[in-house]
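Q: Could we go through the charged pairs in this model together? I would like to begin with what the term for burial means.
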Amino acid sequence: MKKPELLITAGNLNEVKQYLDAGADAVTIGIEEYGLRLPGSLTSEEMKEAVAYAHARNRKVYAAVNALLHNDKLEGLAKYLEELRALGVDAIEYADPAVLMTARKVTPDMPLHWNAEIIATSINTISYWASKGIKRAVISRELNMEEILQIKEESEVEIETQVHGMSCIFHSKRPLVSSYFQHLGKDAVIEGKGRERGLYLREEKREDIFYPIYEDQSGTHIMSAEDICILENLDEIMDQGLDSLRIEALLKSADYNVIVIKAYREAIDLYSEDPDAFFERLDDWKEQIEAVQDAKRPLSTGFYFKELVF
């Protein structure tokens, strides 16, 4: 049975090493200027060390260049892509076609992973980008299991799906958090507006539901109130041969992410070797994650078993 890649985002060099040691096959890293919703940024030297550490263990490092770019950011894009190639990263994750066009000129040999969030919903869209030379498509978190498996069956490229962690439910290029603080007569810089502040939104009639919100160079991000956890249905995903399973590390501690990685690593390995034993151990892995799960953030299967109505 084919084993899917186990992938996680990392925000610093220590996390890269911890996550690879815990059993991740690949990590996604980058810098805030060009990457969207990364848990942190790495310097060029840190990226170089991360790549060396991963490649010495036969693992991979991907660079997130998936921000939506304005003209001012395009000026340094070619240089950044050339730097990533020189550092030895294994693929570039992008959303904006400007990255594709620039990569064709300056890094034509670099594998490309298309990650355009909510618009990756059909096989025709993915086939279009496949015709442009992508190696992998990261499909929308809003697809259900049936749609995901159908896309995989018909796809010409690798398919990546998120199996654990929070997802973005709203993104605006506007600095909404800063604007709110200014409305209150407070200094957004002093008050704090980033990931480290721990800001959240609550609904008036459902005060037990918390939506994390933060602001960075790319604008304002509102995240889901629940964490996806697809362990119980990992067998369906593996049976259909999906290529990469992503754990979203955003707004989680490294200790938490290590426990999650180890659980999925053991689950993937055991199901590929002995499916019956996998189901016997399933409750153990779930309990390990639930023991460190934030009480305010219930685990769910996201949209995997829902029919999304727009």
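A: Buried means under 20% relative accessible area. Please note that this is a predicted model.

Q: Then is R136 buried or exposed?
A: R136 has a relative accessibility of 3%, so R136 counts as buried.

Q: Which residue forms a salt bridge with R136 at 2.9 Å?
A: That residue is E158, with 2.9 Å between the closest N and O atoms. E158 lies in strand 7 and R136 in strand 6, so the pair ties together parts that are 22 residues apart in sequence. E158 is partly exposed, at 22% relative accessibility.

Q: And what does the side chain of E160 make a polar contact with?
A: It is the side chain of R136, at 3.1 Å. E160 also belongs to strand 7 and is buried, with 0% relative accessibility.

Q: Changing topic, what do the buried residues of helix 1 pack against?
A: They pack against strand 1, strand 2, helix 2 and helix 11. Among the buried residues of helix 1 are L13, V16 and L20.

Q: What comes just after helix 1?
A: G23 is found there, with a positive phi of about 125°.

How values were computed:
Residues are numbered from 1 along each chain as its sequence is written. This is a predicted model: local features need pLDDT of at least 70, side-chain atom pairs count only at pLDDT 80 or more; totals for chains, interfaces and linings use all residues. Side-chain values use heavy atoms; hydrogens and water are left out. Helices (H or I, at least four residues) and strands (E, at least two) are DSSP runs, numbered from the N terminus. Buried means under 20% relative accessible area, exposed over 50%, partly exposed in between (1.4 Å probe, protein chains only). A polar contact is a pair of N or O atoms within 3.5 Å; within protein, one must be able to donate a hydrogen and the other to accept it, and residues adjacent in sequence count only if both atoms are side-chain atoms. Contact means heavy atoms within 4.5 Å. A salt bridge is a side-chain nitrogen of Lys or Arg within 4 Å of a carboxyl oxygen of Asp or Glu.
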